[in-house]
Amino acid sequence: MSSSEHHNGKAGVRRRGLLALALLAPAVLATAACGFQPMYGNLGTNSIGTAQLQQVDIGVIPDRYGQKLRNLLIDRFYADGRPAATLYRLETTLTASEQKLSIQKDATATRAQLVVLAPYRLIDAATGKILFQANARSFISYNVLEQQYGALAAVENAYDRAILEISNEMTIRVAAELGRKT
């Protein structure tokens, strides 16, 4: 291949890249101009509902896993620190159950499923009126291990994954609801 053929090949690739960019740019700009906001993913500082999430007081959630859920929600709702005064209150509880799956002939389980349910409601702090209520739930499967430490670690990991899923779902749904109100 001569150097001129090689040079022309690179120019062709550049032209195709520029053509693709020229065709793609209007679609991206049109999407941005219509107020499109991604439903899933991290909430950025300019996302719908982010400013309103700062105005939500997260109530105490009983038990150890409730504390973990509350801490995750605080991290997501209060990007700029906790507010002095809030307009809304978020109340929730957690219930969990474990179901044995994959039962062996000797009645021991080798696999289990953790089901965590978190009914929650968003309340207007001034009036006490329920603005929004829903249920967040998570189904996490895990291996049932024979070693005591491994078994405890597997269950703990399943709870942590379930609580993380629930906090993500609650954050997205509350942010969407608050974004709808503005």
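Glu165 lies in helix H4, which spans residues 148-181; helices are DSSP runs of H or I with at least four residues, strands are runs of E with at least two, and both are numbered from the N terminus. The structure is a predicted model, in which local features need pLDDT of at least 70 and side-chain atom pairs count only at pLDDT 80 or more, while totals for chains, interfaces and linings use all residues. Residues are numbered from 1 along each chain as its sequence is written, and side-chain values use heavy atoms, with hydrogens and water left out.

With a relative accessible area of 39%, Glu165 is partly exposed, a class that falls between buried (under 20%) and exposed (over 50%), using a 1.4 Å probe and protein chains only. Not counting residues up to four places away in sequence, Glu165 touches Ser138 and Ile140, where contact means heavy atoms within 4.5 Å. The C-alpha atom of Glu165 is separated by 9.8 Å from that of Leu69, a residue 96 places apart along the chain.

Two further residues of helix H4 were examined, Ser167 and Glu177. Ser167 is buried, its relative accessible area being 0%. The side chain of Ser167 reaches the backbone oxygen of Leu164 at 2.9 Å. Such a polar contact is a pair of N or O atoms within 3.5 Å; within protein, one must be able to donate a hydrogen and the other to accept it, and residues adjacent in sequence count only if both atoms are side-chain atoms. Apart from neighbours within four places in sequence, Ser167 is in contact with Leu69, Leu72, Leu73 and Arg76. Glu177 is also buried, because its relative accessible area is 11%. Leaving aside neighbours within four places, Glu177 contacts Leu131 and Phe132.

The chain as a whole contains four helices and five strands, arranged along the sequence in the pattern α-α-β-α-β-β-β-β-α. Of its 182 residues, 30% are buried. Among contacts between residues at least 6 apart in sequence, 62% join residues at least 24 apart. The accessible surface comes to about 11,900 Å², and 56% of this belongs to carbon and sulfur atoms; the areas come from the Shrake-Rupley method with a 1.4 Å probe, and for residues only the protein chains shown count as cover.

Strand S2 (residues 88-92) pairs with two other strands. S1 (residues 56-58) and S2 are parallel, with three bridges, and Val56 stands opposite Tyr88. S2 and S4 (residues 109-124) are antiparallel, with five bridges, and Thr92 has Tyr120 of S4 as its bridge partner. Pairing requires that DSSP finds at least two bridges between the strands. In a regular strand the side chains alternate between the two faces of the sheet. In S2, Tyr88, Leu90 and Thr92 form the covered face, whereas Arg89 and Glu91 form the uncovered one.

The largest nonpolar core has 32 residues, and those with the most contacts inside it are Phe77, Leu90, Tyr120, Met170 and Val174. A nonpolar core is a set of buried Ala, Val, Leu, Ile, Met, Phe, Trp, Tyr and Cys residues joined through side-chain atoms within 4.5 Å. Two or more residues are given to this core by each of S1, helix H3 (64-77), S2, S4, strand S5 (130-143) and H4. H4 supplies the largest share, 10 residues. Beyond its neighbours within four places in sequence, Leu90 is in contact with residues including Val56, Leu73, Phe77, Tyr120, Met170 and Val174.
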